[in-house]
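I opened this model to look up its overall build first, then some helices and single residues. The entries below follow the order in which I looked.

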Amino acid sequence: MCGIVAYIGEKQAYPILIKGLQRLEYRGYDSAGVALLNGSVKVFKKKGKVSELVYHASQQDTTGTIGIGHTRWATHGKPDDINAHPHTSGNGRLTLIHNGIIENYNAIKESLLNRGHEFRSQTDTEVLVHLIEEIQSQNNIPLEEAVRLALNQVIGAYAIVVMDANDPDKLVAARKSSPLVIGIGKGEFVIASDASPLVDYTKQVVYLNDNEIAVVHRNGELQIKTTNNELQDHKVQEINLQIEQLEKGDYEHFMLKEIYEQSKTIGDCMRGRLNASEGWVRVGGIEDSIEHFTNAKRIIIAACGTSWHAGLIAEYLFEELARIPVEVEYASELRYRNPIIKENDIVIALSQSGETADTLAALELAKDKGAMIYGIVNVVGSSIARVTDAGSYIHAGPEIGVASTKAFTSQVTLLAMMAITLGYRRGTIPKSYYHQLLEGLESIPAKVEKLLKLNDKIKYIASEIKDSSNALYLGRGYNFPIALEGALKLKEISYIHAEGYPAAEMKHGPIALIDEDMPVVVIATNKSSYEKIYSNIQEVKARKGVVIAIVPEGSTEISKIADYTIEIPDTEEPLTPLLSVIPLQLLSYHIALMRGCNVDQPRNLAKSVTVE
Ligand code: G6P
């Protein structure tokens, strides 16, 4: 949440900061701001999107070769011009951008107020910049030392960059529990919340660790110390990120691009890991800890949002195919409920961003309890990837639309490969079924491609139900999590209230809501429960509900009674979620678009939730 970017070098900072903020906008878009130093400090900030900031600053002097920028997802203080970052110290000397929450800011603010400080905003961030200023001016010490002493008084999470008007040749950055990456260019540094603002200038990066403070100098020097004042060695890494991956190309929205990319990204996730004709599947992270996995007494999966839905599918996959008991936990619940986690448990953190604060905290708790921790993430070099004992990347490439699509199908692909591997190694699936599943998985990308051709039909269905106020999604077995995911996709981008339910549970509540205004999306792709779900559809129709059924190719019974049907290509039942989710993503996309919603940046949401 919140994106930060900073530049020091020979180029003009403003265009670099703005482009960086546009790339980071998925992290929050309540307000945006920049501060530039060129003799004196100029701060421009504006409520709303980065485009509003650009308009606001268009007639102003934005020159300067050092600057900091921020795009905000509001926590303390409403989204407005004043609460927007950067924040300035009382004497105007320091400006600061911050991603995270200073939990003890009230106590610090109280004592600063007693000492005569005056605050303009309601933010925790302004308190921090005042504290640094006070320490700096009272002790007459370098900025980095003042930052270090201030951070020793702070409880909470932060990624910050501070600029000193009296020292135009350096920036000071620090992190704890919020990501920060330093791009090292030729005679320049770009610091940001993720690597996307840096790729135009460099591929050489240093990921800052928790409790580290970095000082970057205009002369190319980089120094890193801990908050305990110990000098740190830093490892320069090369990032593998292409500029085209960060752009929409010919698509109207990132979400649509990412939906269409799935036939490729699912294949990318399997590349080098699976070969059906040779009959093997190998997920590196598991192979390295195979004893642990084959002997595991229990797997606990911790995740949030869409990743949690992928985790729920994994429960069905691991239990059915590998016969390993699985618990799927909301990371935010797991971390605070004193769970029983034992040394021979495996805790898997599932996260697109690898930065979700609750998932990270749940993982740390599991580590403290001695469990093996395994990360399944998309963003290379992210915090979860760096704290886990072992793990796998899903290789979906940058996902920019706030509503997750391609990361979800890649997560499920990876989890399916893991379950098949373990089922085979533990002898819990017959050899013939093992081969069938490998072939099934390998043929998914082509089937996704085929499904995407139904876009026009799905668009038509969207136009028929777009004015609904509520929607119900029903599914069974492997497709119950898809009902949850379909409902989540619809509510997060179209603001239609939607609920996902196990189909049979409909009778215990949601059936009371069904009338002719209620679209009911039924995912009826499990052959094992086809008759049962057929009965559920009859129950909906008897109450005049509008049924949109996702059915296997050639299904005639349900097609006769449903108002609309979308056919998915035939596949093995455990793999059906990889197909049934695609029409639901498209349905939400078109409905949101027809309702005039901002598909890529839905209100109040952010893609990377780095606060609790
Ligand atoms: C936010 C995003 C969702 C995402 C969830 C978990 O809510 O908007 O798309 O599923 O966070 O994020 P993670 O990065 O941990 O998968």
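This is a predicted model: local features need pLDDT of at least 70, side-chain atom pairs count only at pLDDT 80 or more; totals for chains, interfaces and linings use all residues.

Residues are numbered from 1 along each chain as its sequence is written, and side-chain values use heavy atoms, with hydrogens and water left out.

**Entry 1: the whole chain**

I counted 21 helices and 27 strands in the protein chain. The radius of gyration is 25 Å, close to the 25 Å that the globule rule gives for 612 residues, so the chain is as compact as a globular protein of that length; this radius is taken over C-alpha atoms, and the rule is 2.2 Å times the number of residues to the power 0.38. Taken along the principal axes, the box filled by the C-alpha atoms is roughly 80 × 55 × 45 Å.

I then looked up burial, where buried means under 20% relative accessible area, exposed over 50%, and partly exposed in between (1.4 Å probe, protein chains only). Of the 612 residues, 62% count as buried. The accessible surface, from the Shrake-Rupley method with a 1.4 Å probe, comes to about 23,000 Å², and carbon and sulfur atoms hold 47% of that surface.

For contacts (heavy atoms within 4.5 Å), I took those with a separation of 6 or more and found that residues 24 or more positions apart account for 72% of them. I also looked up the charges, counting Lys and Arg as positive and Asp and Glu as negative, without His and the chain ends, and placing each charge at NZ of Lys, CZ of Arg, CG of Asp or CD of Glu. The mean positions of the 62 positive and 77 negative charges are 1 Å apart.

For helix lengths I used an expected span of 1.5 Å times one less than the number of residues. Helix 14 (residues 406–425) has 20 residues and reaches 29 Å from its first C-alpha to its last, close to the expected 28 Å. Just after helix 14, I found G427 with a positive phi of about 70°.

Helix 10 (residues 305–322) has 18 residues that should span 26 Å, and its end C-alpha atoms are 25 Å apart, which agrees. Helix 10 is mostly covered, with 13 of its 18 residues buried, and R323, just after it, takes a positive phi of about 55°.

Helix 18 (residues 480–494) has 15 residues that should span 21 Å, and the distance between its end C-alpha atoms is 21 Å, in agreement. I found 14 of the 15 residues of helix 18 buried.

**Entry 2: backbone details in loops**

Which residue follows helix 18, and with what phi? I found Y495 there, with a positive phi near 65°, in a residue other than glycine. Y495 sits in the loop between helix 18 and strand 24 (497–502), and at 26% relative accessibility Y495 counts as partly exposed.

N229 is not a glycine either, yet it has a positive phi of about 75°. I located N229 in the loop between strand 13 (222–226) and strand 14 (231–232), partly exposed at a relative accessible area of 34%.

I noted a cis peptide bond from H85 to P86, with omega near 0°; P86 lies in the loop between strand 4 (66–72) and strand 5 (87–88).

**Entry 3: two residues and their contacts**

E499 is in strand 24 and is partly exposed at 28% relative accessibility. Leaving out residues up to four places away in sequence, I found E499 touching A471, L472, Y473 and A487. From E499 to N240 I read 39 Å, C-alpha to C-alpha, across 259 residues of sequence.

K369 is in the loop between helix 12 (357–368) and strand 21 (372–377), and its relative accessible area of 28% makes K369 partly exposed. With residues up to four places away in sequence not counted, K369 touches N338, P339, I341, K342 and E343. K369 and N229 are 140 residues apart in sequence and 29 Å apart in space, C-alpha to C-alpha.

Note on methods:
Helices (H or I, at least four residues) and strands (E, at least two) are DSSP runs, numbered from the N terminus.
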